Each structure stands twice: as C-alpha cells, then as structure tokens.
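Here are a few friendly notes to read alongside the model.

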Amino acid sequence: MTVPSRRRFVAGSLTAGAAAGLTAAGVAPAAAQDTPASVREAATVTPGDPRYAELSTRGSNKRFTARPEAFRLTATTAEVVAAVDDAVRAGKRIAVRSGGHCFENVVGDPAVRVVLDLAAMDAVTYDPRRRAFMVEAGARLMDVYRKLYYGWGVTLPGGASATVGLGGHVTGGGYGALSRAFGLAADHLYAVEVVVVDARGHARAVVATRDDQGPLRELWWAHTGGGGGNFGIVTRYWFRSPGAPRGCDEPSRLLPRPPGTVLSGMVYVPREGLDRASFRRLVRNHGLWHERNSDAGSPYAGLFGGLVMYGRPASPDAEPTPAAVSFAHMDGTRPDAERLLRAYAEAVADGVGGSPQISEITAQPWLTATQDLAASQDYEVGRQKIKSAYLRRGWREDQADVLYTYLNSTGHRHDAASVSLQSFGGRVNTVPEHATASTHRDSVLKALFMNTWQDPDADGESVDWLRRLYRDVYGATGGVPVPGRDSDGCYINYPDVDTADARWNTSGVPWHRLYYKDAYPRLQRVKALWDPRDVFRHTLSVRPPHGR
C-alpha cells in the first residue's frame, strides 16, 4: 500500500496419501548454504528471555501482541522443518511471521502456541541452476530492491513499504508502483519452497515450480495470490519473468528493469474551501482518469499514483491536514513523460474548488524515488484497522458523499485516518484471471481505508468508526465491495475479519468470494492435498473442502 504521510488439475482430487507420493520429486534438495551446522535447532525464545518482549511486539499493528509459549527463530529451511515437526508432534498451533505487517491478529491469536519468526532468512541471490533469483521469505522489500538493483539492475514490481517481508507479500499477489508496467510480484514467481505437513503429521520441504504438472503445479499456483498461512510455510522464492528469453542465463534479462529516472508530482487540496460538490468532483476526476487510462498499452502504463483523502484531526491543536493529496510517479525515460504527468495532475484538479495546488515536477533516480515513497508509506505507526476494495469504476457521488461526511467529522479519537485510491490495472489486467490465484484482473483502482491511533482505550471507538465508514460507502451492496459492475472484492494482503462477520457483511456473499472469487474451490483442493491435517490456519484461511 502507499499512503503518503500527512506530512487449473481442476475437477476431482487425490487422497492425501496419493498426494504425498506424487510430491516426492518435489522434495527440496539440500540448499548450498545448508551446512551441517545449519541443521541445528532454531533458537527458542520463551517468556523470561530478554528477547521475548521485543519479539512479542515486533508486528506492525500495535493493537496486537503475540504471547505464544515460544518463538522459534529459524535461519534455514531445515530449521523450519524441524520446528514445524516439533510443534505438530506436540499438538501445538503454529503461526509464521516474516516482516510482521499482517494487519489482523494472526500471530497474536491466543490459540497460537508457537510462532516461527523468519526474519533471519533474508538472503537474495542468483541461482544459475534454476536461472532465477532466489529470495528468502524473511527478506524485506527495500533490501530486496537494493540487492536486485545494485547486483543485476533488475527489480520486482512489489509494494512500497520498506519493511514488508517477502514471505507474506508474494503469497497475496503483491503490487506496487511498477505493477501497471510489469504486473504483480507474483506474476514473476517461478518457484516456491514450502514446508508442508503430510497426513501422518510429518513436515518436509517441497519445491513447486511454474513448469511442474499435477499437485506440484497446483501448489505453485496457490502461492501466486492464495494468501499466507494456508498451505505451509514459505521459506524461499525463485523469480523469473514468464516472458524472459527461453534458455537465457543472463540474470539482467530475467526480471524487469526499472526506469532510470522517475518523475514525481502532486496535487495538494486544502481542506479550507473544499465543499461537498468539489469533493465529489475530485473523486470523480480521479476515477474517470483511471477508467480511461489503465490499459496496458496506454502511454500512462508507467504512471502510478494515488488520491489520498485525509480525516480531520481529532484535536484542534493537531497539525493541520489537507483534505486530499493526489501524488503520481511517472517513468521519466519516456520523451513525453513530463507532459503526461502534468496532464494527469490537471485532469485530477479540473473544476475542483478550494484552490488545489499543482506542484512542480521533480526527477529522481528510480531507487531514490522508491526509498522516498517507502518513507512516506511507513510514516504512520501505532494501533490500526484497515479495509480494502478493488474498483472497476470510480466511486459514485453518493459514495463520495459518505467519505466527505466521515472524513470531515469531529468527535472521534483517532490520530490519523485516510482513504486512498491507488492506481491499478495496466499489465496486471493482461494476465488471465485463473492463470494465478490473484483473480482481480480487471480493476483500475485499489482502495485502502486506514485508521491509526495510539491510545489503547480508543480501540473500540476507532475500529467502530472505520467499520461504519466502510459499511456506508458500500451500503448498496451489504457493506462490502461485492464483485460486480463497479467493484471486485477485497485484497487478501489487507485481511479484514469483518468480511466474515454477519454484523458488518450483510451482502450474503461469503468472505472468500470477496478475496478469491471463483478460485476458492481450487484453493480448497490444494489445501486438501497439501495440508490434510489443517495445520496452517487462521481466521481468514482457506478452509478444507469438507472442513469447518
């Protein structure tokens, strides 16, 4: 997400035993770095250990604290296998964490007794045997970007936050500033190593690739958007673009090359003087522009932007906030890039009252611009609640009116609230819907609803405020963005337990259709094959076909 600071094996299934036999060829060979010393047990941190407090609160959302019986700090795949074996044998519920950016209480669920922390597994290397880049699940996005860029001049079209771990990011699809030009991060996934548990309760590591057939291919597919914590624990990824030259072993030609220069600009919209009609116009302008300019062949495929609409601060003494900011980043290597970027800003501001201000256009090297975007993304910290939506069309006037009312309200206790509409489409929408588990392939925008506060006593009120806002924006469809003409459901990397709660989702559409649409039954079959004991589960996890 990006919010500038205020400042198909289809029908049928196999038995679990048959699946285990078919997957034998997929057992991962010992990695080059797995020396005998690396098969020691992972470090175990229990209450009383001075490291426990920091590990308990390492998650990004400070509403949640993890207090398991133990954290297992794994450094190799072999250590993950051993730790999972130990937990399953002892009958203890497990969860996994890489970057710690899950916005719901998966790791901190009281039922979880063992948390596997993969933060130390952060290697980024080129694997000549697979002709792909290997990235361990604990690697954080900005570190991945730096190593790929400085080492080989390539990148992944992933998200903006510097500290998001690759482990969960790719399993949910992963999108960011380069996605309109290059697709989702998961679109470039060639192979994945997963620690799975068979029907006998034994853990093992399996490598599944895009080139495989049968159950292995299904396991690979499930990790291209099927969400984290569903089928096993990802320890390593390998990336090579589907369109990379066949047989090519030159690393710099196997993943996208980012633009050398990025142009940036902004439309600043003051709160003062922005009435309801002008707010409607602003939302309409931004939505229409994306409806008209989000084809993969558009000259704007290299533009990524957002309209971030801010809530009024709770305290009259708080730092003033604008009503909205529309930011944009453009591939500066196009000869007409500056003209295109300026035309975008003018289209967003056209006819908007309240004196919107269009900034000067600045140029930066790609990595510098990416680091700056990450700094603004990661600015807000604290106790949070978020919700999401895919948009096939811009929001209607009545939806804009709901936003205007809530974002200008007072009497709340949160410190920072925002609703952002972020550029989507482009190359993302050229991938067939069922080629990957990321099935939202005809949207032009993503929406992110976010509320942040610091006071634990404000949890109930602040969560309720965002729930009501989201419910009312989608009041015509039962409080959620039901897939249809205008909307296309929700993003699994922004999990929201309210979608499974009949108090907040009155649409009659189950949560899993919002996140996975028609891919869900296929994901359930993968679940039955690869996690027959339902070891890997959480509130919004893929359910076994005949499970609870």
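1. Helix 8 passes helix 11 in a right-handed crossing, meaning that the near helix is turned clockwise from the far one by less than a right angle. This is a predicted model, with local features needing pLDDT of at least 70 and side-chain atom pairs pLDDT 80 or more, while totals for chains, interfaces and linings use all residues. Residues are numbered from 1 along each chain as its sequence is written, and side-chain values use heavy atoms, without hydrogens and water.

2. The axes of helix 8 (residues 276-292) and helix 11 (residues 397-407) come within 9 Å and cross at roughly 120 degrees. That makes the pair oblique, the class left after under 35 degrees (roughly parallel), over 145 (roughly antiparallel) and 65 to 115 (roughly perpendicular). Contact (heavy atoms within 4.5 Å) involves R276, F279, R280 and V283 of helix 8, and residues of helix 11 including E397, D401 and Y404. Six nonpolar, one polar and four charged residues make up this contact.

3. Helix 4 (residues 141-152) and helix 10 (residues 366-377) have axes that come within 11 Å and cross at roughly 180 degrees, and are therefore roughly antiparallel. Among the residues in contact are M142 and Y149 of helix 4, with W366 and L367 of helix 10. Here the division is seven nonpolar, two polar and one charged.

4. The second largest cavity holds about 90 Å³ of space; a cavity is a set of points on a 1 Å grid where a 1.4 Å probe fits but cannot get out, lined by residues with an atom within 4 Å of a point. Of its 16 lining residues, G172, Y390, S438, H440 and Y491 are closest to the centre.

Note on methods
1 Å grid on protein atoms, 1.4 Å probe; cavity = no way out; pocket = protein on both sides within 12 Å on 5 of 7 lines; lining within 4 Å. Points joined across faces, edges and corners; volume = space filled by probe spheres on them. Axes fitted to C-alpha atoms, helices over the stretch in contact; angles between N-to-C directions. Helix = DSSP H or I, 4+ residues; strand = E, 2+ residues; numbered from the N terminus. Nonpolar A, V, L, I, M, F, W, Y, C, P; charged D, E, K, R; others polar.
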